[in-house]
Amino acid sequence: MSEAQTAPASAPEAAAAAVLEALNSTDSNGTEALNATAKFVASPEGTALAYGSLVLMALLPIFFGALRSVSCSKSKNAADMPETITSRDAARFPIIASCTLFGLYLFFKVFSQEYINMLLSIYFFALGVLALSHTMSPLMTRIFPTSIPNKQFQLLFTQGSGESKEEIVNYEFDTKNLVCLVISSVVGVWYVLKKHWIANNLFGLAFALNGVELLHLNNVSTGCILLWGLFVYDVFWVFGTNVMVTVAKSFEAPIKLVFPQDLLEKGLGASNFAMLGLGDIVIPGIFIALLLRFDVSLKKNSRTYFYSSFLAYIFGLGLTIFVMHTFKHAQPALLYLVPACVGFPVVVALVKGELTEMFRYEETPPEEEEEAAAVANGDSPESEKKDQ
């Protein structure tokens, strides 16, 4: 994904973009994706509960994030507009992620791990509060008491004066958003102070859902480039070096979902975790969300490609768990998820005779659609902006 943007990104979008960079450069999927602490021998019940919970937690942000991505793609609100990933962004992303990963590896070798993680905690506290607030917003809209007035607010920062005045930040929010922000801040403080696994998972789920909702692939070819590029990245850094292992063990941030295998024995104070990196959720998730939007574009009142890719994800994640337990070695989940999530929909498209149509499907950002419509009507986009 491109770091340079032509317009100021919204807070949730910026959080999703920043987290995608972080979770792919330090993703635990290559080291201990679905891996337990070696010194602890979990009971069969504890293992089943932990892995079952991880699978369920992985499916939730993909399913609901994909559904929210459909309305997000049609939104004309600047705060909800998605960040579009192009083929160029997808091609260079594994390279950027590799450089970031190796840079963090050197940082942890040279500088104190304690101070680095303190800075990361502050960084992810801010991102987590924004992401969790955005995730809670639709629910808060439904349950917010009508007896309480919902006041509108605007946060505006400008630079310059007169005709040369330029907007730096223009963010509109209301009382409901403030309530979400307060609740998210409480969770953030809990995470910073205690590093509790439940707080970690609340932030992790919010990051994953926001990523799937707000990060859009512009077409299926771009999705294939991104997934297969990160497939190679994942396999190389896991099996070829110890870099990802070192960084993932040193990196304290909510970039993974965790669930204790000793929960039945120790309750909420359990400490021996199975884990799943957010990259194993967001990367396949944005591809699955793209296929849902393709289903919608067909206007056939069916969700064939979405459900086939969703089932493929479940199959790939289950295969990861099976192989890991068979060979007693941590596995890079993308090694199994990428072939499944790409292969299943392609086979379905071949059977239905829609393969060409699927690869020709192209998404256009809402602002570009408006400009195209204005040009088609004989109006200049610039003149429209002046009229506004």
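**Salt bridges and a buried strand**

Let's start at K266, whose relative accessibility of 49% makes this residue partly exposed. The cut-off matters here, because a residue counts as exposed over 50% and as buried under 20%, with partly exposed in between. Please keep in mind as you look around that this is a predicted model.

What does K266 pair with? K266 forms a salt bridge with D262, and the closest N and O atoms of the two are 3.7 Å apart. D262 has a relative accessible area of 0%, so D262 is buried, while K266 is partly exposed. The general idea behind such contacts is simple: side chains of opposite charge can pair when their charged atoms come close.

How many salt bridges does a search of the whole structure find? The search turns up six. One of them joins R68 to E213, with 3.2 Å between the closest N and O atoms. R68 sits in helix 2 (residues 44-74) and E213 in helix 6 (residues 197-214), so this pair links distant parts of the chain, 145 residues apart. Both partners are worth a look for their surroundings. R68 has a relative accessible area of 19%, so R68 is buried under the 20% cut-off. E213 is buried too, with a relative accessible area of 6%.

Now turn to E363 and R293, which form a salt bridge whose closest N and O atoms are 2.3 Å apart. E363 belongs to the loop between helix 13 (355-360) and helix 14 (366-376), whereas R293 belongs to helix 10 (residues 279-298), so their pairing ties together parts that are 70 residues apart in sequence. E363 and R293 are both buried.

From charges we can move on to a strand. Is strand 5 (residues 256-260) largely enclosed or left open? Five of its five residues are buried, so strand 5 is largely enclosed by the rest of the structure. In a regular strand the side chains alternate between the two faces of the sheet. Here, K256, V258 and P260 point one way from strand 5, L257 and F259 point the other way, and all of them are buried.

Which strand pairs with strand 5? The partner is strand 6 (residues 273-277), and the two pair in the antiparallel sense over five bridges. To find this pairing in the viewer, you can pick out K256, whose bridge partner in strand 6 is G277.

Notes: Residues are numbered from 1 along each chain as its sequence is written. This is a predicted model: local features need pLDDT of at least 70, side-chain atom pairs count only at pLDDT 80 or more; totals for chains, interfaces and linings use all residues. Side-chain values use heavy atoms; hydrogens and water are left out. Buried means under 20% relative accessible area, exposed over 50%, partly exposed in between (1.4 Å probe, protein chains only). Helices (H or I, at least four residues) and strands (E, at least two) are DSSP runs, numbered from the N terminus. Two strands pair if DSSP finds at least two bridges between them. A salt bridge is a side-chain nitrogen of Lys or Arg within 4 Å of a carboxyl oxygen of Asp or Glu.
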